[in-house]
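The structure is shown first, and the description follows.

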Amino acid sequence: MSEPLERLVRHANETRVVVVGGGISGLVAARECAKVGLRVTVLEASEAFGGVVRSAEVGGITLDVGAESYATRGGVVRELLDELGLGDDVVAPNPAGAWVVGVPGVGAAPLPKGGVLGIPDNPFAPDVRRIIGWSGAWRAYVDRVRPPLTIGHALSLGKLVRSRLGSRVLDRLVAPVTSGVYSARPDDIDVELAAPGLNAALTRTGSLTGAVAELRARRASSRPADAPASDVPVGSGAARTPAPGGAVEGIAGGMSRLTDALVAGLREAGAELRTGVVAESLGRTDTGWTVSTSADEQPVEAHAVIVALPEGPARHLLAPVVPGLEVGDPVAPVVEVVTLVVHAPVLDRAPRGTGVLTVPGSHVAKALTHSSAKWDWVRDAAEPGIHVVRVSFGAQGEEPATAALDDDAAAALALSDAARMLGVELSASALRAAHRSRYVQSQPAATIGRAAETAAARGAVRAVAGLGATGAWISGTGLAQVVPDARDEADRVRSAVLWRG
Ligand SMILES: Cc1cc2nc3c(=O)[nH]c(=O)nc-3n(C[C@H](O)[C@H](O)[C@H](O)COP(=O)(O)OP(=O)(O)OC[C@H]3O[C@@H](n4cnc5c(N)ncnc54)[C@H](O)[C@@H]3O)c2cc1C
């Protein structure tokens, strides 16, 4: 090794970075820093790494109880999985697609193919008409004869759809998608963020349905041949911003294998991984930072700190040392996911495809994933006649109906709502095991005004030397957003810290 290179390696080895938070954003950021030889410590408050990407054994099967897939757009998550040796285990979901339930006068129907955020490209298509009826289809037809917006662009998705296509399209097709996927109401969703290019296509084509058709055609021509045409990540409770109609993938054995592989890689690279350690405050030193924790008498010292926490704890930690950043009072949706393992051969025929989105207000739960119909690996892990369903409760501005219940009562409520959503009988004796988890989600990145808020927070953090922030609250939720942001933020911080003195 040449002398300058040796010096550089020594410099890297003497440079310490503390990553606060051991969810996927923290683990990816830590990996980027460890790659160039920095001394890395990860501090995780809970007893396990992975954050939302976690598993549990339910009825003898190891299942994802948080995130269960990732959006393929951008290819970054896939690239990471390949690097970690998981590429061969990447799997596509059953392309059968999901259903919508609670449609007035109709009940349940497959979600139409060929939409963007539930907005159809043809209101007279039989699968769309089945849900909105003839009167809804004729109302939506007004879109074709109405002049397009002439001044500026529409901001609110709800307002745009209501004015152009009518309330049936909004309530029965769009609201179930935004509520199930983003945990947000259509009125609060920013069109441009949720469906980039839709506004411009509307001006070009003269109608919203025409714009949807154009966007779909553009996506189809850029989609890999083996990707499913459409898969709404049902019941994830994920307020992420998937490419509308975009594809998702998973890992055989569960997304939690990503967590395990990241942890194993960091251990191999010599990183210090600590669980059960709550970071309580940050302090400045002449050479960098200190992190006071619940577990150490003396604060942990570092040349740089990357904060990879949910919004509330991140602002709490950062605000005292980042001028212009406020602690604020982030109102984040709380969701509860109840995973049920049931003996129900009646579900072998997957009566509602891969899962169900609900018309808001029609059911207690918000969405359901029929995991053993969606993922072959789950079906194969279960005994014949055994099924796995995940029922999600709670949305923006709406406490989960399970919140005040004990675990048994929550499981019973999930079971009865699952039976209604799937259109089958599921008696109490069908239940083999249940697991419940609670998550505080990030504010959906696609809500109106959110982009400006997070850009301001990011700008404020970046103005402080040796400090970085990443994680779903600032990058947008969903692994396709979180992974590249964590990588880029770690790159920025590591370059700056390696360049110092
Ligand atoms: C129910 C649910 C399902 C989802 N499903 C999908 C999906 O299928 N596909 C998809 O792409 N995305 C999904 N998402 C979104 C995705 O999982 C998240 O965007 C992503 O995992 C967030 O990662 P993160 O590292 O930013 O945060 P987190 O996973 O929340 O990790 C933050 C970590 O910080 C720790 N922590 C908190 N405070 C402190 C402290 N003071 N000191 C130290 N540690 C602390 C926490 O314990 C946690 O481990 C889902 C989200 C939810 C809630």
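On a 1 Å grid over the protein atoms alone, a cavity is a set of points where a 1.4 Å probe fits but cannot get out, whereas a pocket is an open set with protein on both sides within 12 Å along at least five of seven lines; lining residues have an atom within 4 Å of a point. The model is predicted, and local features need pLDDT of at least 70, side-chain atom pairs count only at pLDDT 80 or more, and totals for chains, interfaces and linings use all residues. Residues are numbered from 1 along each chain as its sequence is written, and side-chain values use heavy atoms, with hydrogens and water left out.

**Cavity and pocket**

The count of cavities of 30 Å³ or more comes to one. Its lining consists of Leu63, Asp64, Glu68, Thr339, Ser371, Trp375, Trp377, Val378, Val388 and Arg390. Strand S4 (61-64), helix H13 (376-381) and strand S20 (386-393) each contribute at least two residues to the lining of the largest cavity. Helices (H or I, at least four residues) and strands (E, at least two) are DSSP runs, numbered from the N terminus.

The second largest pocket is lined by 22 residues, of which Ser179, Arg185, Pro360, Gly361 and Glu398 are the closest to its centre. Helix H6 (residues 167-182) provides the largest share of this pocket's lining, five residues. At least three lining residues of the second largest pocket come from each of domain 2 (55-94 + 250-255 + 332-440) and domain 3 (113-224).

The table sets out both spaces. A volume is the space filled by probe spheres set on the grid points, which are joined across faces, edges and corners. Ala, Val, Leu, Ile, Met, Phe, Trp, Tyr, Cys and Pro count as nonpolar, Asp, Glu, Lys and Arg as charged, and the others, Gly among them, as polar.

| Space | Volume | Lining residues by class |
|---|---|---|
| Largest cavity | About 80 Å³ | five nonpolar, two polar, three charged residues |
| Second largest pocket | About 340 Å³ | nine nonpolar, eight polar, five charged residues |

**Overall fold**

The protein chain contains 17 helices and 22 strands. Its radius of gyration is 23 Å, close to the 23 Å that the globule rule gives for 501 residues, so the chain is as compact as a globular protein of that length. The radius is taken over C-alpha atoms, and the rule is 2.2 Å times the number of residues to the power 0.38. Along the principal axes, the C-alpha atoms fill a box of roughly 75 × 60 × 45 Å.

An automatic or database domain assignment supplies the domain bounds. The chain is divided into domain 1 (3-51 + 256-330 + 448-499), domain 2 (55-94 + 250-255 + 332-440) and domain 3 (113-224). The centres of domain 1 and domain 2, taken over C-alpha atoms, are separated by 31 Å. Contact (heavy atoms within 4.5 Å) links 16 residues of domain 1 with 21 residues of domain 2.

**Two buried residues**

Buried residues (under 20% relative accessible area, 1.4 Å probe, protein chains only) make up 57% of the 501 residues. Leu368 lies in strand S19 (residues 367-370) and is buried, with a relative accessible area of 0%. Thr402, in the loop between S20 and helix H14 (407-422), also counts as buried at 0% relative accessibility. Neighbours within four places in sequence aside, Thr402 is in contact with Glu336, Val338, Phe393, Ala410, Leu413 and Arg436.

Terms used. Buried < 20%, exposed > 50% of the residue type's maximum accessible area, 1.4 Å probe, protein only.
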